Amino acid sequence: MNFSQEAAAWSCASCGGNLELTKVFFSYMKRNFEVDLPACAACGVVLVPESLALGRMAEVERILEDK
Amino acid sequence: MEKNELIAWESRCIQEESPECNSACPLHVDARLFLKEIQKGEWDAAYKVLNKTMPFPGILGRICDHPCEDKCKRGEVGGPIAIGALEKICVERYSGKKRVQPLPRKSQRIAVIGAGLAGVTAALDLLKKGFTISVFVSEDRLGGSLWDLPEELLPREVITEELSVFETLKADIHFGTRLDKALFEQVREEFDAVILDRDALKGIELPLTLDDDGLIAIDPATGATDREGIFAGGGTRFRGAFSPVMETLEGRKPALSVERLMQKVGLGFGRENEGAYPSRLFTSLEGIDPLPRIVPSDSGKGYTEEEALREAQRCIQCECMECVKKCLFMERYKAYPKKYAREIFNNERILLGAAHQYNVFTNSCSACGLCETICPNDFNMAEMCLEARRTMLKQNFMPPSFHEFALDDMAFSNGEPFSLCRHEAGTTESAWLYFPSCQLSGSAPGEVTASYNYLRDKLSGGVGIMLHCCGAPAFWAGRDDLFKEALAEIRASWEKMGKPRVITACPTCQNIFQEHLPEVEPVSLWNVMLESGIPASVCSRGTTGGTVSIVDPCVTRHDQVGQKNIRRILKSLGMEVEELPLSGETPECCGYGGLMYNADPTLARDVVERRTTASDNDYLAYCAMCRDNFAFAGKRVSHLIEHVFPAVEDGDPASRGWISWSERRANRVRVKEMILRALGEKTEGHTEEYEKLKLTMSPDVRKRIDSRRILEEDIRKVIFQAESTGKRMRSRESGAYLAYLQPENVTFWVEYSPDGDGFSVLNAYCHRMKIVGIQQ
């Protein structure tokens with residue numbers, strides 16, 4: 001999954017800077033994950049696109065809940 | 001679930017019990033499978049089914065007296081399947097030279113004296129088990145009285161062919177032996193065990209006790225004679241005639257006993273179901289067309305293959321599956337309660353929550369109890385699943401997502417925004433206490449306060465009011481701690497009010513109180529109304545019109561009086577009732593019960609959608625969640641309270657449509673405000689800053705975010721946080737903002753844009769995976 005399109009579509013409203021693909025760390029049900037996502041390194045703002053939240057992420061959540 | 005509990009659960013479900021044809025067969029030939037293979041045109045496979053159980057399928061398939069047919073369930077709808085005739089055509093056409101694999105030889109030597117059908121059966125069974133077998137027979141051939149049967153019934157070459165297996169397995173056959181006492185004594189000395197074919201030994205004197213019929217006396221369960229190591233069988237007449245299938249069993253029984261004797265295990269243990277026994281399997285014949293038996297065009301020759309196929313197709317493949325047919329939840333997991341019990345056990349005890357699918361399974365049962373009502377043995381999935389949920393919690397593998405939303409909703413109801421308990425205005429005593437429930441207050445706030453006014457008007461002694469949740473969500477979630485806490489709060493308030501009689505408006509509360517708080521003597525609003533009279537305003541308005549179908553709530557299935565009373569009220573309102581196929585004792589759940597909608601929202605939606613198709617009539621509910629769920633599915637549905645205490649005069653309650661979770665909360669707050677205002681009190685508490693934000697959103701967005709279980713409150717918090725900290729993203733194209741907040745277990749995302757003095761919500765979504773940080 002590549003979210004460079006999403007990165008280009010949004011900017012950080014806090015500092016006005018661009019969002020760059022950055023490694024973002026997640027955890028759920030005692031498991032850790034990392035995904036390259038658009039983020040503003042300066043402000044620490046991360047973008048989890050809707051397609052990811054409702055797609056792959058939801059799928060992994062379900063698998064972990066019922067592994 | 002302990003092992004013994006698993007066994008108790010499993011034994012209740014009869015789906016795996018043998019069908020009648022199988023249990024009525026002394027040998028337990030799987031006739032259902034045999035017929036299924038023929039239905040598929042798989043004749044070789046059908047033959048294999050016979051060969052698996054019958055010692056000599058070529059013989060028995062032709063001459064069996066088929067007691068299976070007497071018990072065939074098809075017999076009640078058109079006539080029993082001609083299993084005997086189908087076996088005949090199968091073995092005539094498909095029995096070939098069988099390959100028999102002798103097992104490694106055991107050292108123990110067994111003698112069989114006499115080789116009628118019982119004797120050769122015993123000999124073959126033991127040969128296949130690897131014993132060394134010697135057969136003593138007076139004739140120069142095996143088979144005894146089989147040779148007396150008519151040639152057209154049992155051709156001679158078939159007997160020869162079928163019995164040639166003894167040569168293949170290298171049995172030691174002693175033809176032309178004199179069968180007498182001397183042989184018996186000699187064999188008894190030389191062999192480890194002896195089996196006697198009583199049919200072949202008729203009239204021969206042996207030192208063994210005889211029975212009333214002059215046959216060697218045996219224990220009917222094991223074939224043991226009164227001398228150790230000597231067994232016998234055969235020669236019994238059934239209904240006055242030679243029964244090939246019983247004769248076969250009479251050979252098989254002593255063979256099994258000998259095997260056990262050689263293994264030094266108990267002869268009689270676990271043999272109750274050897275031979276014919278009554279089946280426990282229930283098979284519904286509802287909706288099965290009576291089809292008569294296919295008659296062969298040439299009665300002398302029997303069925304043609306085409307006729308046989310048609311005859312086999314009449315087999316209904318007996319099975320129970322009654323609960324599964326009616327329950328989408330059970331249907332979806334493609335099994336039945338016995339298997340589910342095993343899966344839950346495995347998940348708990350062996351896989352510790354890692355049995356794929358079974359966490360969500362355990363938490364998706366709506367606990368409606370329909371299965372128990374339908375099941376011939378009262379199997380109750382709810383009981384099993386609720387107990388399993390408690391275990392999941394104890395063992396610490398319950399995912400919080402399964403119940404969190406419902407438990408949060410319950411906490412809201414039992415907290416400051418809704419919770420309340422007061423005497424009637426101007427009184428200090430209550431003979432009655434109205435408990436309208438959290439969900440009805442959430443769905444129909446105006447009607448709730450109107451019904452309270454009605455009760456105050458009709459009843460004397462003071463009618464207090466308690467706003468609270470009965471704790472059902474905690475009960476369903478297996479959260480005994482929270483459930484007890486909710487009940488304790490209710491009991492304490494009720495005691496403080498002077499123990500008034502509780503009037504419920506929600507059938508779930510009524511049920512919970514009856515089961516867990518019976519001292520409050522709950523009575524439903526509708527039963528009170530029948531006693532006290534339907535409001536005059538409703539009666540004077542005349543008919544509210546039309547025909548409705550009542551969706552009885554699942555919790556009322558055992559309350560026939562209550563259900564009848566609802567119908568009486570509807571009649572007084574001038575409404576015609578057309579009953580749904582599943583009503584009264586057998587209603588389904590709307591998907592709210594058991595928190596099904598929490599653990600598996602898709603399943604809950606499908607359950608409701610299927611139910612909406614049961615009738616084209618408007619539905620009439622008397623449970624708020626039923627109303628709201630049917631409305632969400634697009635069905636025209638109203639709640640009884642909307643007809644009796646309409647908030648809108650001359651409105652069309654069935655057109656009200658769906659209601660969001662946020663609105664449900666807001667409505668509860670309104671109910672509390674209305675009650676307090678009537679009491680001359682002010683609302684307690686204060687308004688948070690984020691609650692003051694003005695939001696607008698389109699109906700589409702509202703429905704979408706509601707189905708994602710995102711509350712307006714969550715959205716307000718996200719926007720408030722984003723606006724106060726400036727932490728948000730901006731769309732280069734539209735200028736809209738995107739912000740997120742992870743208050744606890746869920747991360748909420750909101751896309752919005754400023755709109756006048758408020759905000760327009762464009763979208764919202766959420767996930768449970770927590771953002772921990774980013775790489776620096």
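**One helix, then the rest**

Author: Let's start with helix α24(B), whose buried residues are F483(B), A486(B), I490(B) and W494(B). Keep in mind that this is a predicted model.

Reader: What makes those residues of α24(B) count as buried?

Author: It's a matter of counting neighbours: a residue is buried if 20 or more other C-beta atoms lie within 10 Å of its own. F483(B), A486(B), I490(B) and W494(B) are the residues of α24(B) that pass.

Reader: How do you know where those buried residues sit around the axis of α24(B)?

Author: Look down the axis of α24(B): the buried residues fall within an arc of 70 degrees, so they line one face of the helix.

Reader: Which residues does the face of α24(B) turned away from the buried side carry?

Author: That face has the exposed residues D481(B), A488(B), A492(B), E495(B) and K496(B). To be exposed, a residue needs 12 or fewer of those neighbours. The buried residues, for their part, pack against β9 (432-435), α23 (472-477) and β11 (501-504) of chain B.

Reader: How does the reach of α24(B) compare with what is expected at 1.5 Å a residue?

Author: Helix α24(B) covers residues 480-496, which makes 17 residues. From first C-alpha to last it reaches 24 Å, close to the 24 Å expected. After the helix comes G498(B), with a positive phi near 90 degrees.

Reader: Zooming out, what does chain B contain, in helices and strands?

Author: Chain B has 35 helices and 22 strands. Its radius of gyration is 37 Å, while the globule rule gives 28 Å for 776 residues, so chain B is more spread out than a compact globule. The C-alpha atoms fill a box of roughly 110 × 75 × 55 Å along the principal axes, and 47% of the residues of chain B count as buried.

Reader: In the five-strand sheet of chain B, what makes β3 and β5 edge strands?

Author: The order is β3-β2-β1-β4-β5 in chain B, and the sheet is open, with parallel pairing. β3 (172-174) and β5 (230-233) of chain B each pair on one side only, and that's what puts them at the edges. From one strand to the next, the twist averages 20 degrees.

Reader: How do you know that β2(B) and β3(B) pair?

Author: Two strands pair if there are at least two bridges between them. Strand β2 (residues 132-136) of chain B has three bridges to β3(B), so the pair passes.

Reader: How many residues of chain A are in contact with chain B?

Author: There are 32 residues of chain A in contact with 31 residues of chain B. The largest share of chain A's side, seven residues, comes from β2(A).

Definitions and conventions: Residues numbered from 1 in each chain as written. Chains lettered and ligands numbered in written order. Predicted model: local features only at pLDDT ≥ 70, side-chain atom pairs only at ≥ 80, totals over all residues. Helix = DSSP H or I, 4+ residues; strand = E, 2+ residues; numbered from the N terminus. Rg over C-alpha atoms; globule rule 2.2 N^0.38 Å. Axes fitted to C-alpha atoms, helices over the stretch in contact; angles between N-to-C directions. Expected span 1.5 Å × (residues − 1). Arc of directions from axis to C-beta. Contact = placed C-beta atoms within 7 Å.
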